[in-house]
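Have a look at the model first, and then we can walk through a few spots in it.

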Amino acid sequence: MQVYLDNAATTPIDPKVIAAMVATMEQNYGNPSSIHAHGRKVKTIVEKARKTVAGLLNVSPAEIFFTSGGTEADNTAIVRGIIDHGIMHAITSPLEHHAVLHTLEELEKNGTIRLSLLSVDGKGNVDLRQLEQLLKENPRSFVSLMHANNEIGTITDIEYVSALCKQYQAIFHSDTVQTMGHYVHDLTKLQIDFVTGAAHKFHGPKGVGFLYVNHHTKIKPFIYGGAQERNMRGGTENVYGIVGLAKALEICYAQMAEHQQYIQGLKDYMIGQLKMHIHGIQFNGDITRENSLYTVLNASFPCTDMADMLLFNLDISGISASGGSACSSGSAIGSHVLHAIHADNERPCVRFSFSKNNTREEIDFVVGKLRTLCLEKA
Ligand SMILES: Cc1ncc(COP(=O)(O)O)c(C=O)c1O
(Lines give C-alpha, C1' and ligand atoms only; values in the text may rest on other atoms or scores of the structure.)
Protein backbone atom coordinates (compact mmCIF):
# COMPACT_ATOMS: atom_id res chain seq x y z
CA MET A 1 0.00 0.00 0.00
CA GLN A 2 1.25 3.50 -0.83
CA VAL A 3 -0.02 6.22 1.49
CA TYR A 4 0.45 9.93 0.93
CA LEU A 5 0.10 11.91 4.16
CA ASP A 6 2.11 14.98 3.21
CA ASN A 7 -0.65 17.23 1.91
CA ALA A 8 0.69 20.29 3.75
CA ALA A 9 3.76 20.02 1.52
CA THR A 10 1.64 19.70 -1.59
CA THR A 11 -1.62 18.11 -2.71
CA PRO A 12 -2.41 15.91 -5.72
CA ILE A 13 -4.09 17.90 -8.50
CA ASP A 14 -7.83 17.35 -8.77
CA PRO A 15 -8.65 15.58 -12.09
CA LYS A 16 -11.21 18.33 -12.89
CA VAL A 17 -8.43 20.90 -12.53
CA ILE A 18 -6.20 18.94 -14.91
CA ALA A 19 -9.09 18.72 -17.41
CA ALA A 20 -9.67 22.49 -17.24
CA MET A 21 -5.97 23.21 -17.72
CA VAL A 22 -5.55 20.78 -20.62
CA ALA A 23 -8.63 22.13 -22.40
CA THR A 24 -7.18 25.64 -22.12
CA MET A 25 -3.77 24.48 -23.34
CA GLU A 26 -5.26 22.72 -26.34
CA GLN A 27 -7.51 25.53 -27.44
CA ASN A 28 -5.80 28.73 -26.38
CA TYR A 29 -2.22 29.66 -27.07
CA GLY A 30 -2.45 33.41 -27.60
CA ASN A 31 -0.50 35.83 -25.43
CA PRO A 32 -2.96 37.69 -23.17
CA SER A 33 -1.10 40.94 -23.89
CA SER A 34 -1.67 40.67 -27.65
CA ILE A 35 -4.49 42.84 -28.90
CA HIS A 36 -5.60 40.48 -31.68
CA ALA A 37 -8.37 37.88 -31.32
CA HIS A 38 -6.08 35.06 -30.11
CA GLY A 39 -4.68 37.29 -27.39
CA ARG A 40 -8.00 38.78 -26.40
CA LYS A 41 -9.47 35.32 -25.95
CA VAL A 42 -6.75 34.31 -23.48
CA LYS A 43 -6.92 37.66 -21.68
CA THR A 44 -10.61 36.97 -21.10
CA ILE A 45 -9.72 33.55 -19.64
CA VAL A 46 -7.22 35.10 -17.19
CA GLU A 47 -9.70 37.81 -16.15
CA LYS A 48 -12.44 35.23 -15.68
CA ALA A 49 -10.13 33.28 -13.35
CA ARG A 50 -9.36 36.49 -11.41
CA LYS A 51 -13.08 37.18 -11.09
CA THR A 52 -13.68 33.65 -9.80
CA VAL A 53 -10.98 33.96 -7.11
CA ALA A 54 -12.16 37.45 -6.12
CA GLY A 55 -15.79 36.30 -5.96
CA LEU A 56 -14.92 33.40 -3.66
CA LEU A 57 -12.99 35.70 -1.31
CA ASN A 58 -15.68 38.41 -1.52
CA VAL A 59 -13.31 41.09 -2.83
CA SER A 60 -12.85 43.02 -6.05
CA PRO A 61 -10.94 41.39 -8.98
CA ALA A 62 -8.65 44.45 -8.95
CA GLU A 63 -7.40 43.32 -5.54
CA ILE A 64 -6.14 39.92 -6.78
CA PHE A 65 -2.65 39.58 -8.31
CA PHE A 66 -1.47 36.23 -9.64
CA THR A 67 2.05 35.23 -8.58
CA SER A 68 4.39 32.24 -8.89
CA GLY A 69 3.19 30.90 -5.53
CA GLY A 70 3.05 31.53 -1.82
CA THR A 71 6.68 32.57 -1.41
CA GLU A 72 6.50 35.33 -4.01
CA ALA A 73 3.19 36.56 -2.60
CA ASP A 74 4.61 36.69 0.96
CA ASN A 75 7.82 38.42 -0.17
CA THR A 76 5.84 41.00 -2.12
CA ALA A 77 3.40 41.81 0.67
CA ILE A 78 6.24 42.26 3.16
CA VAL A 79 8.76 44.15 1.05
CA ARG A 80 6.29 46.44 -0.72
CA GLY A 81 4.05 46.85 2.35
CA ILE A 82 7.00 47.96 4.47
CA ILE A 83 9.02 50.00 1.98
CA ASP A 84 6.16 51.75 0.17
CA HIS A 85 4.53 52.78 3.45
CA GLY A 86 7.72 53.91 5.18
CA ILE A 87 7.22 51.37 7.99
CA MET A 88 10.06 51.19 10.51
CA HIS A 89 8.90 48.44 12.85
CA ALA A 90 7.54 44.96 12.14
CA ILE A 91 6.04 42.29 14.37
CA THR A 92 5.91 38.58 13.62
CA SER A 93 6.29 35.23 15.38
CA PRO A 94 9.12 32.69 15.34
CA LEU A 95 6.67 30.12 13.93
CA GLU A 96 6.20 31.76 10.53
CA HIS A 97 7.20 30.05 7.29
CA HIS A 98 10.67 30.98 6.05
CA ALA A 99 9.04 32.88 3.17
CA VAL A 100 7.99 35.39 5.86
CA LEU A 101 10.74 35.08 8.46
CA HIS A 102 13.71 35.30 6.08
CA THR A 103 12.18 38.27 4.25
CA LEU A 104 11.63 40.21 7.47
CA GLU A 105 15.07 39.23 8.79
CA GLU A 106 16.65 40.57 5.61
CA LEU A 107 14.84 43.91 6.04
CA GLU A 108 16.04 44.01 9.64
CA LYS A 109 19.63 43.19 8.61
CA ASN A 110 19.75 45.96 6.02
CA GLY A 111 18.45 48.50 8.55
CA THR A 112 15.00 49.09 7.03
CA ILE A 113 13.08 47.91 10.12
CA ARG A 114 13.34 46.89 13.73
CA LEU A 115 11.82 43.43 14.12
CA SER A 116 9.91 42.22 17.21
CA LEU A 117 9.23 38.51 17.66
CA LEU A 118 6.17 37.58 19.70
CA SER A 119 6.43 34.97 22.43
CA VAL A 120 4.70 31.65 21.78
CA ASP A 121 3.44 29.03 24.21
CA GLY A 122 4.12 25.29 24.07
CA LYS A 123 1.16 24.74 21.75
CA GLY A 124 2.15 27.36 19.23
CA ASN A 125 -0.25 30.12 20.30
CA VAL A 126 1.21 33.57 19.81
CA ASP A 127 0.97 36.05 22.68
CA LEU A 128 -1.73 38.46 21.53
CA ARG A 129 -1.47 40.61 24.66
CA GLN A 130 2.16 41.24 23.83
CA LEU A 131 1.08 42.06 20.28
CA GLU A 132 -1.30 44.73 21.57
CA GLN A 133 1.38 46.15 23.86
CA LEU A 134 3.86 46.35 20.97
CA LEU A 135 1.25 47.97 18.73
CA LYS A 136 0.52 50.55 21.42
CA GLU A 137 4.21 51.37 21.76
CA ASN A 138 4.84 51.34 17.99
CA PRO A 139 1.84 52.62 16.05
CA ARG A 140 2.07 52.16 12.26
CA SER A 141 3.86 48.82 12.53
CA PHE A 142 3.75 46.03 9.97
CA VAL A 143 2.30 42.79 11.38
CA SER A 144 2.76 39.42 9.71
CA LEU A 145 1.05 36.44 11.37
CA MET A 146 0.04 33.27 9.61
CA HIS A 147 -3.49 31.91 9.83
CA ALA A 148 -2.48 28.30 10.51
CA ASN A 149 0.96 26.90 11.06
CA ASN A 150 2.17 24.53 8.34
CA GLU A 151 4.07 22.24 10.73
CA ILE A 152 1.89 21.97 13.82
CA GLY A 153 -1.47 23.29 12.59
CA THR A 154 -2.12 25.79 15.39
CA ILE A 155 -4.55 28.50 14.26
CA THR A 156 -4.23 32.20 15.07
CA ASP A 157 -7.39 34.29 15.37
CA ILE A 158 -6.67 36.61 12.44
CA GLU A 159 -10.01 38.35 12.80
CA TYR A 160 -8.94 39.51 16.26
CA VAL A 161 -5.46 40.45 14.99
CA SER A 162 -6.95 42.44 12.11
CA ALA A 163 -9.13 44.41 14.55
CA LEU A 164 -6.08 45.18 16.71
CA CYS A 165 -4.10 46.26 13.65
CA LYS A 166 -6.88 48.55 12.57
CA GLN A 167 -7.08 50.09 16.05
CA TYR A 168 -3.35 50.91 16.05
CA GLN A 169 -3.05 51.83 12.33
CA ALA A 170 -0.84 48.84 11.58
CA ILE A 171 -0.58 47.09 8.22
CA PHE A 172 -1.57 43.43 8.52
CA HIS A 173 -0.35 40.60 6.31
CA SER A 174 -1.44 37.04 6.93
CA ASP A 175 0.17 34.03 5.27
CA THR A 176 -2.98 32.02 4.59
CA VAL A 177 -1.23 29.49 2.37
CA GLN A 178 -2.26 26.52 4.54
CA THR A 179 -5.88 27.58 5.05
CA MET A 180 -6.76 28.92 1.60
CA GLY A 181 -9.24 26.50 0.04
CA HIS A 182 -9.77 24.79 3.41
CA TYR A 183 -11.70 27.52 5.23
CA VAL A 184 -14.06 30.23 3.98
CA HIS A 185 -12.13 33.49 3.79
CA ASP A 186 -14.43 36.48 3.63
CA LEU A 187 -11.77 39.15 3.23
CA THR A 188 -14.16 42.09 3.26
CA LYS A 189 -15.24 41.07 6.75
CA LEU A 190 -11.65 40.60 7.83
CA GLN A 191 -10.36 44.10 6.94
CA ILE A 192 -6.87 42.87 6.21
CA ASP A 193 -4.18 44.41 3.97
CA PHE A 194 -2.49 41.36 2.42
CA VAL A 195 -3.39 37.69 2.12
CA THR A 196 -1.52 34.96 0.22
CA GLY A 197 -2.44 31.69 -1.46
CA ALA A 198 -0.69 28.88 -3.35
CA ALA A 199 -2.68 26.62 -5.68
CA HIS A 200 -0.69 23.45 -4.98
CA LYS A 201 -1.90 23.42 -1.37
CA PHE A 202 -5.53 23.07 -2.48
CA HIS A 203 -5.36 20.51 -5.29
CA GLY A 204 -4.22 22.96 -7.93
CA PRO A 205 -0.95 23.14 -9.91
CA LYS A 206 2.47 24.11 -8.55
CA GLY A 207 4.18 27.38 -9.39
CA VAL A 208 1.11 29.59 -9.22
CA GLY A 209 -0.45 31.53 -6.37
CA PHE A 210 -1.94 34.89 -5.63
CA LEU A 211 -1.64 37.95 -3.49
CA TYR A 212 -4.67 39.85 -2.29
CA VAL A 213 -3.93 43.54 -1.78
CA ASN A 214 -6.65 45.61 -0.11
CA HIS A 215 -7.51 48.51 -2.44
CA HIS A 216 -6.84 50.96 0.43
CA THR A 217 -3.25 49.71 0.67
CA LYS A 218 -1.36 51.18 -2.26
CA ILE A 219 1.91 49.53 -3.28
CA LYS A 220 4.38 49.93 -6.14
CA PRO A 221 4.97 47.29 -8.84
CA PHE A 222 6.74 44.21 -7.59
CA ILE A 223 8.21 42.96 -10.86
CA TYR A 224 9.13 45.58 -13.45
CA GLY A 225 8.61 44.79 -17.12
CA GLY A 226 5.42 44.62 -19.13
CA ALA A 227 2.01 45.88 -18.17
CA GLN A 228 0.70 42.52 -16.95
CA GLU A 229 -1.28 42.32 -13.70
CA ARG A 230 -2.25 45.97 -14.16
CA ASN A 231 1.41 47.06 -14.31
CA MET A 232 2.22 45.45 -10.95
CA ARG A 233 3.92 42.23 -12.02
CA GLY A 234 5.62 42.20 -15.40
CA GLY A 235 5.97 38.92 -17.31
CA THR A 236 3.68 36.82 -19.46
CA GLU A 237 1.05 35.24 -17.24
CA ASN A 238 1.12 31.56 -16.25
CA VAL A 239 -2.22 31.20 -18.04
CA TYR A 240 -2.72 27.44 -17.51
CA GLY A 241 -1.65 27.67 -13.89
CA ILE A 242 -4.05 30.54 -13.31
CA VAL A 243 -6.90 28.56 -14.87
CA GLY A 244 -6.01 25.60 -12.64
CA LEU A 245 -5.79 27.77 -9.52
CA ALA A 246 -9.24 29.28 -10.06
CA LYS A 247 -10.80 25.90 -10.85
CA ALA A 248 -9.20 24.30 -7.78
CA LEU A 249 -10.40 27.07 -5.47
CA GLU A 250 -13.88 26.87 -6.95
CA ILE A 251 -14.02 23.11 -6.26
CA CYS A 252 -12.77 23.65 -2.69
CA TYR A 253 -15.43 26.23 -1.94
CA ALA A 254 -18.20 24.09 -3.47
CA GLN A 255 -17.34 21.10 -1.26
CA MET A 256 -15.71 22.75 1.74
CA ALA A 257 -18.09 21.74 4.56
CA GLU A 258 -18.24 18.15 3.35
CA HIS A 259 -14.44 17.87 2.99
CA GLN A 260 -13.79 19.58 6.29
CA GLN A 261 -16.02 17.13 8.12
CA TYR A 262 -14.47 14.14 6.34
CA ILE A 263 -10.85 15.21 6.87
CA GLN A 264 -11.44 16.25 10.49
CA GLY A 265 -12.92 12.78 10.99
CA LEU A 266 -9.72 11.19 9.65
CA LYS A 267 -7.57 13.34 11.91
CA ASP A 268 -9.69 12.56 15.01
CA TYR A 269 -9.55 8.89 14.11
CA MET A 270 -5.77 8.96 13.79
CA ILE A 271 -5.39 10.77 17.14
CA GLY A 272 -7.56 8.09 18.79
CA GLN A 273 -5.69 5.20 17.14
CA LEU A 274 -2.28 6.63 17.99
CA LYS A 275 -3.29 7.16 21.63
CA MET A 276 -4.65 3.61 21.78
CA HIS A 277 -1.71 1.85 20.17
CA ILE A 278 1.40 3.87 20.95
CA HIS A 279 2.15 4.25 24.59
CA GLY A 280 3.71 7.64 25.34
CA ILE A 281 2.58 9.35 22.12
CA GLN A 282 2.39 13.14 22.36
CA PHE A 283 1.13 15.78 19.96
CA ASN A 284 2.81 19.02 18.99
CA GLY A 285 0.66 22.12 18.66
CA ASP A 286 -2.91 22.64 19.69
CA ILE A 287 -5.02 19.68 18.60
CA THR A 288 -8.41 21.00 19.73
CA ARG A 289 -10.88 21.22 16.87
CA GLU A 290 -11.45 24.97 17.22
CA ASN A 291 -7.81 25.90 17.32
CA SER A 292 -6.17 23.50 14.92
CA LEU A 293 -5.96 23.13 11.16
CA TYR A 294 -7.94 19.98 10.35
CA THR A 295 -5.49 18.86 7.67
CA VAL A 296 -2.41 18.73 9.95
CA LEU A 297 -1.41 16.45 12.84
CA ASN A 298 2.09 16.61 14.31
CA ALA A 299 2.98 13.70 16.58
CA SER A 300 5.99 13.11 18.77
CA PHE A 301 7.03 9.49 19.25
CA PRO A 302 8.57 7.81 22.29
CA CYS A 303 11.13 5.85 20.23
CA THR A 304 13.92 8.29 21.02
CA ASP A 305 16.66 6.15 19.47
CA MET A 306 15.11 6.29 16.00
CA ALA A 307 15.42 10.03 15.24
CA ASP A 308 15.15 10.58 11.46
CA MET A 309 15.07 6.81 10.93
CA LEU A 310 11.37 6.83 11.78
CA LEU A 311 10.53 8.85 8.69
CA PHE A 312 12.95 6.77 6.65
CA ASN A 313 11.31 3.55 7.84
CA LEU A 314 7.86 4.94 7.06
CA ASP A 315 9.10 5.84 3.60
CA ILE A 316 10.37 2.35 2.86
CA SER A 317 7.02 1.02 4.08
CA GLY A 318 5.30 3.14 1.40
CA ILE A 319 4.22 5.98 3.68
CA SER A 320 5.05 9.58 2.78
CA ALA A 321 4.99 12.06 5.65
CA SER A 322 7.39 14.72 6.83
CA GLY A 323 8.80 15.97 10.07
CA GLY A 324 11.97 16.34 11.99
CA SER A 325 13.10 17.17 15.45
CA ALA A 326 13.24 20.27 17.56
CA CYS A 327 17.05 20.45 17.08
CA SER A 328 19.28 22.10 19.58
CA SER A 329 19.87 25.81 19.54
CA GLY A 330 22.15 27.00 16.76
CA SER A 331 21.89 23.79 14.79
CA ALA A 332 21.52 24.20 11.05
CA ILE A 333 19.07 21.34 10.79
CA GLY A 334 15.74 20.60 12.41
CA SER A 335 12.53 22.52 12.62
CA HIS A 336 12.53 26.13 13.78
CA VAL A 337 8.85 25.69 14.70
CA LEU A 338 9.38 22.64 16.94
CA HIS A 339 12.38 24.36 18.44
CA ALA A 340 10.37 27.52 19.22
CA ILE A 341 7.62 25.58 21.04
CA HIS A 342 10.30 23.65 22.97
CA ALA A 343 9.30 20.25 21.63
CA ASP A 344 11.38 17.47 23.16
CA ASN A 345 14.42 17.32 20.89
CA GLU A 346 15.10 13.68 21.76
CA ARG A 347 11.83 12.46 20.28
CA PRO A 348 11.25 12.04 16.55
CA CYS A 349 8.32 14.11 15.30
CA VAL A 350 6.23 13.36 12.26
CA ARG A 351 3.80 15.69 10.52
CA PHE A 352 0.90 13.79 8.99
CA SER A 353 -1.21 15.96 6.71
CA PHE A 354 -4.45 14.82 5.19
CA SER A 355 -6.61 15.49 2.15
CA LYS A 356 -9.97 14.44 0.77
CA ASN A 357 -8.17 11.54 -0.98
CA ASN A 358 -7.11 9.78 2.23
CA THR A 359 -9.08 6.96 3.87
CA ARG A 360 -9.45 5.28 7.27
CA GLU A 361 -7.86 2.13 5.83
CA GLU A 362 -4.76 4.18 5.10
CA ILE A 363 -4.73 5.51 8.67
CA ASP A 364 -5.01 1.94 10.01
CA PHE A 365 -2.09 0.90 7.82
CA VAL A 366 0.06 3.83 8.99
CA VAL A 367 -0.76 3.37 12.68
CA GLY A 368 -0.03 -0.37 12.34
CA LYS A 369 3.41 0.39 10.85
CA LEU A 370 4.15 2.98 13.52
CA ARG A 371 3.16 0.55 16.22
CA THR A 372 5.51 -2.13 14.87
CA LEU A 373 8.36 0.36 14.47
CA CYS A 374 7.94 1.75 18.00
CA LEU A 375 7.50 -1.71 19.58
CA GLU A 376 10.58 -3.04 17.77
CA LYS A 377 12.56 -0.29 19.39
CA ALA A 378 10.88 -0.45 22.82
C1 LIG B 1 2.63 28.57 5.39
C2 LIG B 1 3.34 28.57 4.07
N3 LIG B 1 3.70 29.73 3.50
C4 LIG B 1 4.32 29.79 2.33
C5 LIG B 1 4.63 28.65 1.63
C6 LIG B 1 5.33 28.76 0.32
O7 LIG B 1 4.47 28.48 -0.75
P8 LIG B 1 5.06 28.11 -2.20
O9 LIG B 1 5.62 26.74 -2.09
O10 LIG B 1 3.88 28.16 -3.11
O11 LIG B 1 6.07 29.13 -2.57
C12 LIG B 1 4.29 27.40 2.17
C13 LIG B 1 4.65 26.15 1.48
O14 LIG B 1 5.11 25.20 2.09
C15 LIG B 1 3.62 27.36 3.42
O16 LIG B 1 3.26 26.21 3.99
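A residue counts as exposed when its relative accessible area is over 50%, and as buried when that figure is under 20%. Keep in mind as you read that this is a predicted model.

**A glutamate on helix 5**

So is E137 buried or exposed? At 52% relative accessibility, E137 counts as exposed, because the cut-off for that label is over 50%. You'll find E137 in helix 5, which covers residues 128-137. The side chain of E137 has a polar contact, at 2.9 Å, with the side chain of Q133. Y168 is worth a glance too: 31 residues separate E137 and Y168 in sequence, while their C-alpha atoms are 9.5 Å apart in space.

**Two helix pairs**

Helix 5 packs against helix 6 (residues 158-167), and helix 3 (residues 70-83) crosses helix 4 (residues 98-109). Here is how the two pairs line up:

| Helix pair | Angle | Axes |
|---|---|---|
| Helix 5 and helix 6 | about 15 degrees | 10 Å apart |
| Helix 3 and helix 4 | roughly 30 degrees | within 9 Å |

With the angle at about 15 degrees, helix 5 is roughly parallel to helix 6. Their crossing is right-handed. On the helix 5 side, L128, L131, E132 and L135 make the contact, and helix 6 answers with Y160, V161, L164, C165 and Q167.

What about helix 3 and helix 4? An angle of roughly 30 degrees makes this pair roughly parallel as well, since angles under 35 degrees get that label. Helix 3 passes helix 4 in a right-handed crossing. The residues in contact are T71, D74, N75, I78, V79, I82 and I83 from helix 3, with A99, V100, T103, L104 and L107 from helix 4.

**The nonpolar cores**

Which residues have the most contacts inside the largest nonpolar core? They are V53, L57, I64, F66, L131 and V143, in a core of 55 residues. L131 also turned up above, in the contact between helix 5 and helix 6. Helix 9 (residues 239-254) supplies the largest share of this core, with 9 residues.

V53 is a handy place to start looking around. Setting aside neighbours within four places in sequence, V53 touches I64, F66, F210, L245, A246 and L249. Apart from this core lies another one, made of 36 residues, including A148, I155, L274 and V350.

How values were computed:
Residues numbered from 1 in each chain as written. Predicted model: local features only at pLDDT ≥ 70, side-chain atom pairs only at ≥ 80, totals over all residues. Heavy atoms only, no water. Helix = DSSP H or I, 4+ residues; strand = E, 2+ residues; numbered from the N terminus. Buried < 20%, exposed > 50% of the residue type's maximum accessible area, 1.4 Å probe, protein only. Polar contact = N/O pair within 3.5 Å; in protein donor to acceptor, adjacent residues only side chain to side chain. Core = buried A, V, L, I, M, F, W, Y, C linked by side-chain atoms within 4.5 Å. Contact = heavy atoms within 4.5 Å. Axes fitted to C-alpha atoms, helices over the stretch in contact; angles between N-to-C directions. Parallel < 35°, antiparallel > 145°, perpendicular 65-115°, else oblique. Left-handed = near helix turned anticlockwise from the far one by under 90°.
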